[in-house]
There are 2 protein chains.
Amino acid sequence: MHAITLPTFGGPEALVWDEVPDPRPGPGEVLVDVAASAVNRADVLQRKGHYPPPPGASAYPGLECSGRIAELGEGVSGWSVGAEVCALLSGGGYAERVAVPSGQLLPIPIGIELVAAAALPEVTCTVWSNIVALAGLRVGETLLVHGGSSGIGTMAIQLGVALGARVCVTAGSAAKLAACRDLGADVTVDYRNEDFVERVKAATDGRGADVVLDNMGAAYLARNVDVLATGGRLVVIGMQGGSSAELDLGVLLRKRASVSATGLRGRPATGPGSKAEIVAAVRAQVWPLIEAGRVRPVIDQVLPMAEAARAHELLEGSGHIGKIVLAVRAGDRRGEG
Amino acid sequence: MHAITLPTFGGPEALVWDEVPDPRPGPGEVLVDVAASAVNRADVLQRKGHYPPPPGASAYPGLECSGRIAELGEGVSGWSVGAEVCALLSGGGYAERVAVPSGQLLPIPIGIELVAAAALPEVTCTVWSNIVALAGLRVGETLLVHGGSSGIGTMAIQLGVALGARVCVTAGSAAKLAACRDLGADVTVDYRNEDFVERVKAATDGRGADVVLDNMGAAYLARNVDVLATGGRLVVIGMQGGSSAELDLGVLLRKRASVSATGLRGRPATGPGSKAEIVAAVRAQVWPLIEAGRVRPVIDQVLPMAEAARAHELLEGSGHIGKIVLAVRAGDRRGEG
């Protein structure tokens, strides 16, 4: 098969479409003929050599895919060859074939094209596990989403709204803020020239945000704690602004607030806190919202997988809104739009 | 009535036993003839002028008491005059009488003396709300309790063991560590000459602690994050080592861990996250453990309430093990032992 390999670490040009051996499905795994994958920030870190795959994962980038089941490994039940699926991966999605633990498979939601479904696993699992399973977002609460126009951001807005929360976002251009409003964001903050703490407090009679979903890490830590309401929960899922910063526990204590940080990739395949547990919850709780048309994948564009380098350039340029998808076959670009 | 007043802020001598007007029970409140109160670190902060009572609270110190119901305010049901009770207070426990929202009352557990019961409300509510309601301590997990011989610490050890956790503690003398072991602590660390991170990791095959209950704040933040297991929860309830310190979100993210900080006193009387909610959970979940003899109040000594200054000196001297109780009547010192 072909896959995007990383003969050396470096810029986007380090991503090379090459012929490699086919993966084999181990016990409990399924082999998927990949239709599409999608790009995540973690792939960029991996490309630069800063984010090695966890033990046992594929060496190729790609944390999600859609496709058709080609073969069932030993002991797999509930899935059949030829079925269209999408999947949360520990790696290896930038390829024509990938082996996936069966607990990480999801059916294609009714009404979603096969290629577009490649944009769903990472954002739905990340957003659900953080704002619902971890932070326990409740009806009527205020959710602040940083990077509202990113893949994660566009899903967090929609899920927050579907769960009955009021959603505030930050983003860095008028077009991005407009896209966030279209998805249901109520308060949109241009971080280039507005202070999100001030704007969110003004919009909530001084209360602040009950849940903050953050991708900036250190750079926003103090302001994120400042913007939290009493009982607020800050969840850090990215550190684009560094990892270490001063935390004032006194402020946290007065607010009875919490700071958590999580990732998906390092989670075990099965057991408590596993990928399979999150995938099962997403299938039960998020898939019906997608099938009802209340939540949809937001796709900036679909590129041929062999052009993964261009996709990384686009992601790093930060001009996109939503997900950038990589389709294996040029004809398979129905997710575009 | 008499109460310990604070005519000026300062050292223990600032605590003056004086004649003051009786409190009146408002709607939903109960007037309690106090048998005893108990000393908390927050009382010391209040005495020094660093911890003003929340709006509406009594100006006198004292966050818990036991006694007999003297009068029911308007609209109170389920309690009767003459009943023996203990109560979680927002202040005013160092007095002969105190008015308490009825949701903060607890019956005296069967088998516990009236005076000794004054040592229960703060520690049971603090420990329960943090290690169970917030951190979700589970059977088989490892709980690290800093200040294991304190009032909070002695209750946290017992509750942790009763909930099926393995308990590790830090404390600062051989006598304190022995007391912690008697209460069920499995790993006891002398913080004066041992590294708790090293000891707890060695005792858990490198995994670390699933839940850490901390009273040191800034001074321990980095090491507390270091000692956390994957999925670990650090809960800060005191800042005896300062409030601001560097937090490495990258370490937190790799562990999928959280840092929370909470207090009891600032919580509302009723509603979500309220004192009444915590008191109801403690009555349902902790009182049966006390009545079964699996958890008991640990009392260092009982002093006359008029000698509150001496009680504060003892607390600040840190030689005590468990709670220091203040009894209104000299004969009412049955909790001693």
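This is a predicted model: local features need pLDDT of at least 70, side-chain atom pairs count only at pLDDT 80 or more; totals for chains, interfaces and linings use all residues.
How much area do domain 1 and domain 2 of chain A bury between them? The figure is about 1,600 Å², with 70% of it on carbon and sulfur atoms. Buried area here is the accessible area (1.4 Å probe) that two parts lose on being put together, summed over both.

Across this domain interface the rule finds five residue pairs in polar contact (both at pLDDT 80 or more). A polar contact is a pair of N or O atoms within 3.5 Å; within protein, one must be able to donate a hydrogen and the other to accept it, and residues adjacent in sequence count only if both atoms are side-chain atoms. Helices (H or I, at least four residues) and strands (E, at least two) are DSSP runs, numbered from the N terminus.

## How the two copies are arranged

Now let us turn to the pair of chains. Chain B can be laid on chain A with an RMSD of 0.0 Å, using a turn of 180° and a shift of 0.0 Å along the axis. The two copies are therefore related as by a two-fold rotation axis. In chain B, the C-alpha nearest that axis belongs to E246(B), at 2.1 Å from it. For this comparison, copies are superposed by least squares on the C-alpha atoms of residues with pLDDT of at least 70 in both.

## Where the copies meet

The contact takes 28 residues from chain B and 28 residues from chain A. Since 100% of the interface residues of chain B are also interface residues in chain A, the copies meet through the same surface.

Together the chains bury about 2,200 Å², of which carbon and sulfur atoms give 61%. Which residues of chain B lose the most area to chain A? They are L249(B), L253(B) and R256(B), together 30% of what that side buries.

Nine residue pairs are in polar contact between the chains (both at pLDDT 80 or more). On the chain B side, β13 (244-248), α7 (249-255) and β14 (258-261) each supply at least two residues, and the largest share, five residues, comes from β13(B).

## Reading the model

Residues are numbered from 1 along each chain as its sequence is written, and chains are lettered from A in the order in which they are written. Local features need pLDDT of at least 70, side-chain atom pairs count only at pLDDT 80 or more, and totals for chains, interfaces and linings use all residues, while side-chain values use heavy atoms, leaving out hydrogens and water.

Technical notes:
Contact means heavy atoms within 4.5 Å.
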